[in-house]
Amino acid sequence: MAVVTVLEAVRGALAEAMERDDRVLILGEDVEAGGVFRATDGLAAHFPGRVIDTPLAESSIIGVSIGLAHYGMRPIAEIQFADFIHAGFDQLCSEASRWCYRTCGDAWLPMVVRAPWGGGVHGGQHHSQSIEAYYGHIPGIKVVVPSFPADYRSLLLAAVEDPNPVLFLEHKRTYRLIRQELAGAPAETVIGRSRIVRRGEDVSIIAWGLMLHEALAAAETLAGEGIACTVVDLLSVQPLDRETICEAAKATGKVLIVHEDTLTGGFGAEIAATIVEHAFEYLDAPVRRLCGPDVPAMPYHHAMEAFFMPDRERIAAAARELAAY
Amino acid sequence: MPSAVVDGMDAVAVYQTVKAAADQARRGGGPYLVEAKCYRLWPHSSDDDDTRYRPRAELEEWAKKDPLLVMRTRLLEDGIADEATLSALEAGVQEEVLEAAQWALQQPDPAPEDALGYVFKEAE
């Protein structure tokens, strides 16, 4: 295997899934031409009739996927930007998530919805959003947030094979930024597990997507200052790996949760509550959250966008404060 | 966009109109708008007192167009079924529904904690 970007890992996994199983098909806006991020580039030619352009209507893309999955297909829906998925929220929240529950397991929906999320690409208010908290709140839908190419590949394949609806979130800033040699790289194959990617005894940092990479960079800086960090790659918000979260909290007694999403009601709140409920006696400092500010959307102006997003410097500064607490 | 207005209380008319629209769409003819004029003959729910917002005369007028009555009359008039056949059919259906309801009422209640099951389908 070779060094691949996040985008190449996604594209490769899509091709692999279609190769493995004739029931797998892709639908979304402009996917035949490769999609705006080129994730489906070349797939329409390689798999004729199985990569299908849809009208610009997310509720219909997800609704049609529900129908396809119900009738035995394995749809992979592409939402062009995660920001647009909310037009299909009702289909996911009120229909897809309840199919199995409502039928006592007689029916189920093996479907994947892929969506590029996150900021840092100068995308402005409608192309930068974090959506994991909205959809991670819905039991019955799995929500995956990988960070490294190897996990993108293995978890996308796992999502396609999963009998349940899986929302597969791809951080768009990392598409071409993050590269990894796949051979020998750790690759999670079970949806719902987190991974400790760095171990240290002073501060634990929990993050996902672009922020995981910023956290690792901060941890490297801090190591030079004698502060050793544990870093958790969350990988999935639903199901949430409470065991690994608590293991990381117990290892250091000091936890910093980092996410791009806005602070209030962000998924960090659930992680913090988990730690306070299940690892309280191990804590040596209040659980700290470093998040986007509580404003309606990520601003367009580059200085304001940078102000909105946590980065390695701010993560390092917050971790230093926690270490000194 | 082509469109049609149809008596939504007449199943045969609805079938013919929607079939024409769907056939055209399947041939690649694009979208087609069908407005089926319908009326709800019952209150919205057992909590809904519909006498507060619609006159009885209106309801009675529409009740004559009850799709089941319309279909019944058509079947008789077209000689597709006779009175004896339809009466037997109706009695049979009525009995089947009552039996199903009776069966459901006799089933034991689920355990409260059964509410926790079937959130996700287990992989095979």
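## Ala115 of chain A

A:Ala115 belongs to strand β5, residues 112–117 of chain A; strands are DSSP runs of E with at least two residues, helices are runs of H or I with at least four, and both are numbered from the N terminus. This is a predicted model, in which local features need pLDDT of at least 70 and side-chain atom pairs count only at pLDDT 80 or more, while totals for chains, interfaces and linings use all residues. Residues are numbered from 1 along each chain as its sequence is written, chains are lettered from A and ligands numbered from 1 in the order in which they are written, and side-chain values use heavy atoms, with hydrogens and water left out.

A:Ala115 has 0% relative accessibility and therefore counts as buried (buried is under 20% relative accessible area, exposed over 50%, partly exposed in between, with a 1.4 Å probe and protein chains only). Residues up to four places away in sequence aside, A:Ala115 touches A:Ile79, A:Ala82, A:Phe168, A:Leu169 and A:Glu170, where contact means heavy atoms within 4.5 Å. The C-alpha atoms of A:Ala115 and A:Gln80 are 6.5 Å apart, although the two residues are 35 apart in sequence.

## His259 of chain A

A:His259 is located in strand β13, residues 255–262 of chain A. Its relative accessibility is 1%, so A:His259 counts as buried. Beyond its neighbours within four places in sequence, its contacts include A:Glu132, A:Trp208, A:Met211, A:Cys291 and A:Pro310.

## Aromatic pairs

Over all chains, the structure holds six aromatic pairs. Rings of Phe, Tyr and Trp (its six-membered ring) pair if their centres lie within 6.5 Å; planes under 30 degrees apart count as stacked, over 60 as edge-to-face and the rest as tilted. B:Tyr39 and B:Trp62 are stacked because their ring centres are 4.9 Å apart and their planes lie at 5°. B:Tyr39 is in the loop between β2 (33–37) and α2 (56–63) of chain B and B:Trp62 is in helix α2, so the pair ties together parts 23 residues apart in sequence. B:Tyr39 is buried at 15% relative accessibility, whereas B:Trp62 is partly exposed at 21%.

In chain A, one aromatic cluster is formed by A:Phe37, A:Phe81, A:Phe84 and A:Tyr175.

## Charges over rings

The charged end of B:Lys121 sits over the ring of A:Trp108, 3.9 Å from its centre; this requires NZ of Lys or CZ of Arg within 6 Å of the ring centre and within 35 degrees of the ring normal. The charged end of A:Lys142 sits over the ring of B:Phe120, at 5.1 Å from the ring centre.
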